[in-house]
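Dear colleague,

I am passing this structure on to you, as you have not worked with it before. Please have a look at it first, and then read the notes that follow.

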Amino acid sequence: MTTTTSTTPAAPPGDGTAPTPPPSTPRPRRPRSAIWATLQPILVRLHFYAGILVGPFLVVAATTGLLYTLAPAIEQVQHRDLLVVDEVGTTTVPLSEQVASARSTDPDGTVSTVQVSGDPDGTTRVVLAQEGLPEGAATTVFVDPYTGEVLGESLTYGLWLPEREWIETLHSSLHLGTVGLYYSELAASWLGIVVLGGVAMWIAKAVRARKARRLIVPETSKKGLRRTLSWHGVVGLVAAAGLIILSITGLTWSESSGAQIGDLRAAVSPVAPELDTTLGEGSAGGGEHDHDAGPATGLTDADLAHGASWDGMTAAAEAEGLEAPYKVSPPPADGQAWTVAEASTRWPAANDSIAVDGHSGAVVDRVDFSEKPFLTKLTGWGVHFHLGNLFGVANLVFLALTATALLSLIVLGYVMWWQRRPRRSTSARPGPAPSRGGLRAAPLWITGLLFAGAVVSAWYVPLFGISLAAFLVIDVLLGLLERRRHRAADRARAEDPETVG
């Protein structure tokens, strides 16, 4: 018979408690790679400085952006009497009668465009170019397409009424003109860099701890700095995609970066086809009249009422399969064609356009949205997404949540800065900056790659380059001041050790 010896110690006599298990050994952290160990100090310091110094600009951009998400609702409530008809009819009156009705109410200026609504309860907008208006503004007369009745008029900026234009200008330039545009561009320039760096550090932290759950679940059981960092990392990771999209789309039409990005797109993508509005000799854009009204003033009502005119443009649009909403634009002078362009801003945005001979009503040129290069389409979609148009209410809700997340990240970041102060400190001053020296300790090839990346980024996003150079100067000056203080302390200690001790 084989005797089996138990290795489990017996419980003491009369003691019914189970034996105490040996203490568990903590799972070792995964070691950092040499490259990441080199990059992390650089990213930490860059993330810290960018968050502290660019944070105020991002707060303004996020706050005004959050306000902008309410602008469409404000516009609908404030101007419902102009934007929505009282009763949806079964047939609409001819476009020429709608324009004539608008001109009888406001005969000043010239008709620059007529916007046909794509919504059954939407009004037709007759846009008039007039002298003495603010830059980018026009007078728009709103007409009921079913009755031809004028519902009123208002100053407009493209498709926007004054309240929405005011909020958008607050977001983009703080009503400070060209100088104000640089604030939003600076915020957009750094937003993507800060987000990408933060995401990289947060993922690396979870990988080292071997706890993927930490990526998306805050550590609510922790306290102080660790708890704040957990919330900061989780919110940042969840909102990262939206923040990066807003950063890129915001730069595409910014003051200085927009042109550079446009040049880059032109260099790597075919040129988008343009609608040819030039007519042959003997064909007048407005009709049979052959006098030049001049491109500055446009053709008169008499010219625009002759030939194919407004109703001919509607017929051409229907024959070509164009769908409302679309814009009908008369020629600015004789010898040029009318244009009809689909104006949908929602997905899928397939905006085709045609050029129409104002005398015969014949279509002389056409450019379909499908013919445009992908990058051109992507840029247009990005702009409409940034403005909250592409997916309607869902788009606005997404922008509002993203702006709220950005505000939360900035607040949490400043809280962490304050929590970094010494534990027993009674001062209200925030904690120290992360240790310097990461770039100096990095291998030459990493330093070279970082420098090259910074130069390329600065070329296409100039404000990023300028502000990055300013950060480096500040960091160097702070380092020199710190070194000077240490030397002064060393001299004092050497001269009078007892006093210093």
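Please keep in mind throughout that this is a predicted model. I begin with the sheet, which is open, has eight strands in the order E4-E3-E2-E1-E5-E6-E7-E8, and is paired in the antiparallel sense. Its edges are formed by strand E4 (150-156) and strand E8 (363-367), each of which pairs on one side only. Direction ignored, neighbouring strands of this sheet are turned against each other by 20 degrees on average.

Within the sheet, strand E1 (residues 110-116) and strand E2 (residues 124-129) form an antiparallel pair with five bridges, and in one of these bridges Val-111 has Leu-128 of E2 as its partner. A helix also belongs to this part of the picture: H10 (residues 309-319) lies across E1, strand E5 (326-329), strand E6 (338-342), strand E7 (353-356) and E8, and it runs at about 45 degrees to E6.

Turning to the helices, two packed helices are described by the angle between their axes and the distance between the axes. For helix H1 (residues 34-68) and helix H5 (residues 162-173), the axes come within 8 Å and cross at roughly 165 degrees; an angle over 145 degrees counts as roughly antiparallel, and H1 and H5 are therefore roughly antiparallel to each other. The crossing in which H1 passes H5 is left-handed. On the H1 side the contact involves Ala-61, Thr-64, Gly-65, Leu-67 and Tyr-68, which meet Arg-164, Ile-167, Glu-168, Leu-170 and His-171 of H5. By type, the residues of this contact between H1 and H5 are five nonpolar, three polar and two charged.

A second pair is helix H6 (residues 178-209) with helix H15 (residues 462-495), whose axes are 9 Å apart and which pack at an angle of about 75 degrees, so that H6 and H15 are roughly perpendicular to each other. H6 contributes Tyr-182, Glu-185, Leu-186, Ser-189, Trp-190 and Ile-193 to the contact, while H15 contributes Leu-463, Phe-464, Ser-467, Leu-468 and Phe-471. The residues of the contact of H6 with H15 comprise eight nonpolar, two polar and one charged.

Finally, there is a loop between helix H12 (393-419) and helix H13 (438-441), and Arg-421 lies in it. A polar atom of the Arg-421 side chain is 3.3 Å from the backbone oxygen of Trp-418. Arg-421 and Pro-432 are separated by 11 residues in sequence, and their C-alpha atoms are 6.6 Å apart in space.

Definitions and conventions. Residues are numbered from 1 along each chain as its sequence is written. This is a predicted model: local features need pLDDT of at least 70, side-chain atom pairs count only at pLDDT 80 or more; totals for chains, interfaces and linings use all residues. Side-chain values use heavy atoms; hydrogens and water are left out. Axes are lines fitted to C-alpha atoms, for helices over the stretch in contact, and angles run from 0 to 180 degrees between N-to-C directions. Helices (H or I, at least four residues) and strands (E, at least two) are DSSP runs, numbered from the N terminus. Angles under 35 degrees count as roughly parallel, over 145 as roughly antiparallel, 65 to 115 as roughly perpendicular and the rest as oblique. A crossing is left-handed if the near helix is turned anticlockwise from the far one by less than a right angle, and right-handed if clockwise. Contact means heavy atoms within 4.5 Å. Ala, Val, Leu, Ile, Met, Phe, Trp, Tyr, Cys and Pro count as nonpolar, Asp, Glu, Lys and Arg as charged, and the others, Gly among them, as polar. Two strands pair if DSSP finds at least two bridges between them. A polar contact is a pair of N or O atoms within 3.5 Å; within protein, one must be able to donate a hydrogen and the other to accept it, and residues adjacent in sequence count only if both atoms are side-chain atoms.
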